[in-house]
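Good morning, and thank you for joining this group meeting.

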Amino acid sequence: MGIVTTSTVTSNIVTTDISLLRLLQLSSVGLPVGGFAFSQGMEYAIDQGWVKNKAEVSDWIGLQLQQSVARIDLPVLQLCMAAAKQNDTERLLELNDLILACRETKELRLNDTAMGEALFRLMGSLQIDTPFKRLDEMSFVTLFAIAASHWNLKPDLASLGFAWSWLENQIAAATKLVPLGQTQAQELLGELQTDIRHAIAMSLTIEEDRIGAGLPAIAIASAQHETQYSRLFRS
(Lines give C-alpha, C1' and ligand atoms only; values in the text may rest on other atoms or scores of the structure.)
Protein backbone atom coordinates (compact mmCIF):
# COMPACT_ATOMS: atom_id res chain seq x y z
CA MET A 1 0.00 0.00 0.00
CA GLY A 2 1.38 3.37 -0.96
CA ILE A 3 2.03 6.01 1.64
CA VAL A 4 0.00 9.20 1.27
CA THR A 5 2.08 12.05 2.59
CA THR A 6 0.91 15.41 3.85
CA SER A 7 2.55 17.10 0.88
CA THR A 8 0.65 14.83 -1.55
CA VAL A 9 -2.68 15.61 0.11
CA THR A 10 -1.89 19.32 0.16
CA SER A 11 -0.91 19.21 -3.52
CA ASN A 12 -4.20 17.50 -4.46
CA ILE A 13 -6.21 20.03 -2.47
CA VAL A 14 -4.38 22.96 -4.08
CA THR A 15 -4.93 21.52 -7.56
CA THR A 16 -8.62 21.04 -6.84
CA ASP A 17 -8.91 24.53 -5.39
CA ILE A 18 -7.22 26.11 -8.39
CA SER A 19 -9.55 24.28 -10.81
CA LEU A 20 -12.57 25.37 -8.77
CA LEU A 21 -11.39 28.96 -8.64
CA ARG A 22 -10.80 29.02 -12.39
CA LEU A 23 -14.30 27.62 -12.92
CA LEU A 24 -15.76 30.31 -10.66
CA GLN A 25 -13.82 32.98 -12.53
CA LEU A 26 -14.97 31.78 -15.94
CA SER A 27 -18.62 31.42 -14.93
CA SER A 28 -18.86 34.56 -12.79
CA VAL A 29 -21.43 37.18 -13.72
CA GLY A 30 -18.57 39.60 -13.11
CA LEU A 31 -16.71 38.27 -16.14
CA PRO A 32 -16.63 41.32 -18.44
CA VAL A 33 -18.35 39.76 -21.45
CA GLY A 34 -21.69 41.59 -21.27
CA GLY A 35 -23.96 38.65 -20.51
CA PHE A 36 -26.14 40.96 -18.42
CA ALA A 37 -27.15 42.88 -21.56
CA PHE A 38 -29.12 40.05 -23.17
CA SER A 39 -32.53 38.65 -22.25
CA GLN A 40 -32.69 36.25 -25.23
CA GLY A 41 -36.23 37.27 -26.14
CA MET A 42 -37.56 37.31 -22.59
CA GLU A 43 -38.03 41.08 -22.63
CA TYR A 44 -40.52 40.83 -25.50
CA ALA A 45 -42.28 37.88 -23.87
CA ILE A 46 -42.77 39.88 -20.68
CA ASP A 47 -43.83 42.97 -22.60
CA GLN A 48 -46.51 40.93 -24.38
CA GLY A 49 -47.73 39.30 -21.19
CA TRP A 50 -46.57 35.80 -22.08
CA VAL A 51 -44.49 35.75 -18.90
CA LYS A 52 -45.99 37.57 -15.90
CA ASN A 53 -44.81 36.02 -12.66
CA LYS A 54 -42.25 33.82 -10.94
CA ALA A 55 -43.87 30.53 -11.99
CA GLU A 56 -43.99 31.56 -15.65
CA VAL A 57 -40.38 32.78 -15.52
CA SER A 58 -39.42 29.36 -14.18
CA ASP A 59 -41.26 27.62 -17.03
CA TRP A 60 -39.72 29.93 -19.67
CA ILE A 61 -36.15 29.55 -18.43
CA GLY A 62 -36.45 25.85 -17.57
CA LEU A 63 -37.76 24.98 -21.03
CA GLN A 64 -34.98 26.94 -22.72
CA LEU A 65 -32.37 25.26 -20.53
CA GLN A 66 -33.61 21.77 -21.35
CA GLN A 67 -34.50 22.24 -25.00
CA SER A 68 -31.85 24.70 -26.18
CA VAL A 69 -28.84 24.95 -23.87
CA ALA A 70 -28.78 21.18 -23.30
CA ARG A 71 -29.21 20.39 -26.99
CA ILE A 72 -26.94 23.03 -28.53
CA ASP A 73 -24.60 24.91 -26.22
CA LEU A 74 -23.46 22.13 -23.91
CA PRO A 75 -22.83 19.45 -26.58
CA VAL A 76 -20.86 21.95 -28.69
CA LEU A 77 -18.95 23.10 -25.61
CA GLN A 78 -17.86 19.54 -24.88
CA LEU A 79 -16.86 18.91 -28.49
CA CYS A 80 -14.90 22.16 -28.59
CA MET A 81 -13.02 21.25 -25.43
CA ALA A 82 -11.96 17.96 -27.00
CA ALA A 83 -10.83 19.78 -30.15
CA ALA A 84 -8.96 22.40 -28.11
CA LYS A 85 -7.07 19.67 -26.26
CA GLN A 86 -5.89 18.37 -29.65
CA ASN A 87 -5.12 21.88 -30.95
CA ASP A 88 -7.42 21.02 -33.85
CA THR A 89 -8.05 24.44 -35.37
CA GLU A 90 -10.05 23.13 -38.33
CA ARG A 91 -12.37 21.25 -36.00
CA LEU A 92 -12.86 24.31 -33.79
CA LEU A 93 -13.75 26.43 -36.81
CA GLU A 94 -16.24 23.79 -37.92
CA LEU A 95 -17.88 23.69 -34.49
CA ASN A 96 -17.90 27.49 -34.31
CA ASP A 97 -19.84 27.56 -37.59
CA LEU A 98 -22.19 24.87 -36.31
CA ILE A 99 -23.26 26.69 -33.18
CA LEU A 100 -23.67 30.03 -34.95
CA ALA A 101 -25.86 28.30 -37.54
CA CYS A 102 -28.09 27.13 -34.68
CA ARG A 103 -28.87 30.73 -33.62
CA GLU A 104 -32.32 31.29 -35.06
CA THR A 105 -32.45 35.08 -35.11
CA LYS A 106 -30.16 38.05 -35.65
CA GLU A 107 -30.30 38.97 -31.97
CA LEU A 108 -29.59 35.47 -30.69
CA ARG A 109 -26.56 35.35 -32.97
CA LEU A 110 -25.50 38.81 -31.76
CA ASN A 111 -25.83 37.61 -28.16
CA ASP A 112 -23.35 34.81 -28.88
CA THR A 113 -20.87 36.76 -31.02
CA ALA A 114 -20.81 39.96 -28.94
CA MET A 115 -20.00 37.95 -25.82
CA GLY A 116 -17.52 35.94 -27.85
CA GLU A 117 -15.68 39.04 -29.00
CA ALA A 118 -15.51 40.34 -25.43
CA LEU A 119 -14.18 37.01 -24.15
CA PHE A 120 -11.60 36.91 -26.97
CA ARG A 121 -10.22 40.28 -25.82
CA LEU A 122 -10.20 39.16 -22.19
CA MET A 123 -8.39 35.93 -23.04
CA GLY A 124 -5.62 37.96 -24.62
CA SER A 125 -5.21 39.92 -21.39
CA LEU A 126 -5.14 36.67 -19.41
CA GLN A 127 -2.46 35.16 -21.69
CA ILE A 128 -4.79 32.44 -22.96
CA ASP A 129 -3.83 31.61 -26.51
CA THR A 130 -6.45 30.69 -29.06
CA PRO A 131 -5.47 28.32 -31.88
CA PHE A 132 -6.87 30.71 -34.45
CA LYS A 133 -6.77 34.42 -35.06
CA ARG A 134 -9.74 36.67 -34.55
CA LEU A 135 -12.68 35.71 -36.76
CA ASP A 136 -15.46 37.95 -37.98
CA GLU A 137 -17.85 36.01 -35.77
CA MET A 138 -16.69 34.00 -32.80
CA SER A 139 -19.09 32.08 -30.60
CA PHE A 140 -18.86 32.64 -26.87
CA VAL A 141 -19.29 28.88 -26.48
CA THR A 142 -16.21 28.13 -28.60
CA LEU A 143 -14.04 30.55 -26.68
CA PHE A 144 -15.42 29.46 -23.29
CA ALA A 145 -14.38 25.92 -24.23
CA ILE A 146 -10.88 27.03 -25.22
CA ALA A 147 -10.44 28.90 -21.93
CA ALA A 148 -11.77 25.95 -19.94
CA SER A 149 -9.39 23.61 -21.76
CA HIS A 150 -6.47 25.97 -21.17
CA TRP A 151 -7.19 25.88 -17.44
CA ASN A 152 -7.51 22.08 -17.51
CA LEU A 153 -11.12 22.01 -16.41
CA LYS A 154 -13.01 18.79 -16.93
CA PRO A 155 -15.86 18.98 -19.48
CA ASP A 156 -18.51 18.23 -16.87
CA LEU A 157 -17.26 21.06 -14.65
CA ALA A 158 -17.03 23.44 -17.59
CA SER A 159 -20.60 22.51 -18.57
CA LEU A 160 -21.74 23.16 -15.02
CA GLY A 161 -20.12 26.58 -14.95
CA PHE A 162 -21.46 27.55 -18.37
CA ALA A 163 -25.02 26.49 -17.52
CA TRP A 164 -24.90 28.23 -14.15
CA SER A 165 -23.69 31.48 -15.72
CA TRP A 166 -26.45 31.31 -18.36
CA LEU A 167 -29.09 30.64 -15.70
CA GLU A 168 -27.91 33.44 -13.44
CA ASN A 169 -27.97 35.96 -16.29
CA GLN A 170 -31.48 34.92 -17.31
CA ILE A 171 -32.82 35.24 -13.78
CA ALA A 172 -31.10 38.61 -13.41
CA ALA A 173 -32.93 39.77 -16.54
CA ALA A 174 -36.26 38.50 -15.18
CA THR A 175 -35.61 40.26 -11.88
CA LYS A 176 -35.49 43.59 -13.69
CA LEU A 177 -38.28 42.94 -16.17
CA VAL A 178 -41.13 41.12 -14.38
CA PRO A 179 -40.06 42.48 -11.87
CA LEU A 180 -39.08 39.92 -9.26
CA GLY A 181 -37.81 40.60 -5.77
CA GLN A 182 -34.34 39.47 -4.75
CA THR A 183 -35.82 36.74 -2.57
CA GLN A 184 -37.89 35.37 -5.46
CA ALA A 185 -34.81 35.45 -7.69
CA GLN A 186 -32.86 33.38 -5.16
CA GLU A 187 -35.77 30.95 -4.88
CA LEU A 188 -35.75 30.54 -8.65
CA LEU A 189 -32.01 29.90 -8.68
CA GLY A 190 -32.50 27.19 -6.08
CA GLU A 191 -35.44 25.61 -7.92
CA LEU A 192 -33.72 25.56 -11.31
CA GLN A 193 -30.37 24.23 -10.08
CA THR A 194 -31.60 20.67 -10.48
CA ASP A 195 -32.47 21.46 -14.11
CA ILE A 196 -28.78 22.16 -14.73
CA ARG A 197 -27.87 18.64 -13.69
CA HIS A 198 -30.54 17.21 -16.01
CA ALA A 199 -29.39 19.49 -18.86
CA ILE A 200 -25.79 18.28 -18.56
CA ALA A 201 -26.92 14.65 -18.47
CA MET A 202 -29.05 15.22 -21.57
CA SER A 203 -26.21 16.95 -23.40
CA LEU A 204 -24.08 13.83 -23.07
CA THR A 205 -26.66 11.86 -25.05
CA ILE A 206 -26.82 14.29 -28.01
CA GLU A 207 -24.87 13.05 -31.00
CA GLU A 208 -23.29 15.69 -33.21
CA ASP A 209 -25.72 15.23 -36.09
CA ARG A 210 -28.58 15.71 -33.59
CA ILE A 211 -27.37 19.05 -32.26
CA GLY A 212 -30.08 21.67 -32.68
CA ALA A 213 -33.34 22.85 -31.20
CA GLY A 214 -36.66 24.35 -32.19
CA LEU A 215 -38.35 26.75 -29.78
CA PRO A 216 -40.69 28.82 -31.96
CA ALA A 217 -41.94 31.14 -29.21
CA ILE A 218 -38.41 32.13 -28.22
CA ALA A 219 -37.42 32.66 -31.86
CA ILE A 220 -40.52 34.81 -32.42
CA ALA A 221 -39.91 36.80 -29.22
CA SER A 222 -36.29 37.37 -30.20
CA ALA A 223 -37.19 38.48 -33.74
CA GLN A 224 -39.93 40.82 -32.52
CA HIS A 225 -37.61 42.28 -29.91
CA GLU A 226 -35.46 43.74 -32.70
CA THR A 227 -38.15 46.37 -33.34
CA GLN A 228 -39.63 46.64 -29.85
CA TYR A 229 -40.33 50.32 -29.13
CA SER A 230 -38.91 50.49 -25.61
CA ARG A 231 -36.36 48.02 -24.24
CA LEU A 232 -33.62 47.60 -21.66
CA PHE A 233 -31.74 44.69 -23.24
CA ARG A 234 -29.90 44.15 -26.51
CA SER A 235 -31.82 40.93 -27.21
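Helices (H or I, at least four residues) and strands (E, at least two) are DSSP runs, numbered from the N terminus. The model on the screen is predicted: local features need pLDDT of at least 70, side-chain atom pairs count only at pLDDT 80 or more, and totals for chains, interfaces and linings use all residues. Residues are numbered from 1 along each chain as its sequence is written, and side-chain values use heavy atoms, with hydrogens and water left out.

Let me begin with the loop between H5 and H6, where Gln127 is found. Gln127 is not a glycine, yet its phi is positive, at about 60°. As background, most residues other than glycine have a negative phi, and most peptide bonds are trans. Is Gln127 buried or exposed? Gln127 counts as exposed, because its relative accessibility is 60%. The cut-offs here are under 20% relative accessible area for buried, over 50% for exposed, and partly exposed in between, with a 1.4 Å probe and protein chains only.

A second residue of this kind is Gln40, in the loop between H1 and helix H2 (42-47). Gln40 is a residue other than glycine with a positive phi, near 55°. Gln40 is buried, since its relative accessible area is 14%.

The peptide bond that joins Val178 and Pro179 is cis, with an omega of about -10°.

I turn now to the packing of two helices. How do the axes of H5 and H6 cross? Helix H5 (residues 106-125) and helix H6 (residues 140-150) have axes that come within 7 Å and cross at roughly 30°. Axes are lines fitted to C-alpha atoms, for helices over the stretch in contact, and angles run from 0 to 180 degrees between N-to-C directions. H5 is therefore roughly parallel to H6; angles under 35 degrees count as roughly parallel, over 145 as roughly antiparallel, 65 to 115 as roughly perpendicular and the rest as oblique.

On the H5 side, the residues that meet H6 are Asp112, Met115, Gly116, Leu119, Phe120 and Met123. Their counterparts in H6 are Phe140, Val141, Leu143, Phe144, Ile146 and Ala147. Contact means heavy atoms within 4.5 Å.

Phe140 is buried because its relative accessible area is 8%. Not counting residues up to four places away in sequence, Phe140 touches Val33, Asp112, Met115, Gly116, Leu119 and Phe162. The C-alpha atoms of Phe140 and Ala174 are separated by 22 Å, and these two residues are 34 apart along the chain.

Next come the charged pairs. Side chains of opposite charge can pair when their charged atoms come close. How many salt bridges does a search of the whole structure find? The search finds 9, where a salt bridge is a side-chain nitrogen of Lys or Arg within 4 Å of a carboxyl oxygen of Asp or Glu.

One of them pairs Lys54 with Glu187, whose closest N and O atoms are 2.7 Å apart. This pair links distant parts of the chain, Lys54 in helix H3 and Glu187 in helix H8, 133 residues apart. Lys54 also forms a salt bridge with Glu191, with the closest N and O atoms 3.2 Å apart. Since Lys54 lies in helix H3 and Glu191 in helix H8, the pair ties together parts that are 137 residues apart in sequence. Lys54 is buried, at a relative accessible area of 19%, whereas Glu187 is partly exposed at 36% and Glu191 is partly exposed at 41%. Salt bridges that share partners join Lys54, Glu187 and Glu191 into one network.

Ser58 also lies in helix H3 (residues 54-85). Leaving aside neighbours within four places in sequence, Ser58 is in contact with Leu188, Glu191 and Leu192. Ser58 is buried, with a relative accessible area of 16%.

A further salt bridge joins the side chains of Arg103 and Asp112, at 3.0 Å from N to O. Arg103 and Asp112 are both buried.

I close at the surface. Leu21, found in helix H1 (residues 6-27), counts as exposed because its relative accessibility is 54%. Leu20, Leu21 and Leu24 form a nonpolar surface patch, with about 300 Å² of accessible area together. Patches are made of residues with over 30% relative accessible area and no salt bridge; like charges are joined within 9 Å, nonpolar side chains (Val, Leu, Ile, Met, Phe, Trp, Tyr) within 5 Å. Accessible areas come from the Shrake-Rupley method with a 1.4 Å probe, and for residues only the protein chains shown count as cover.
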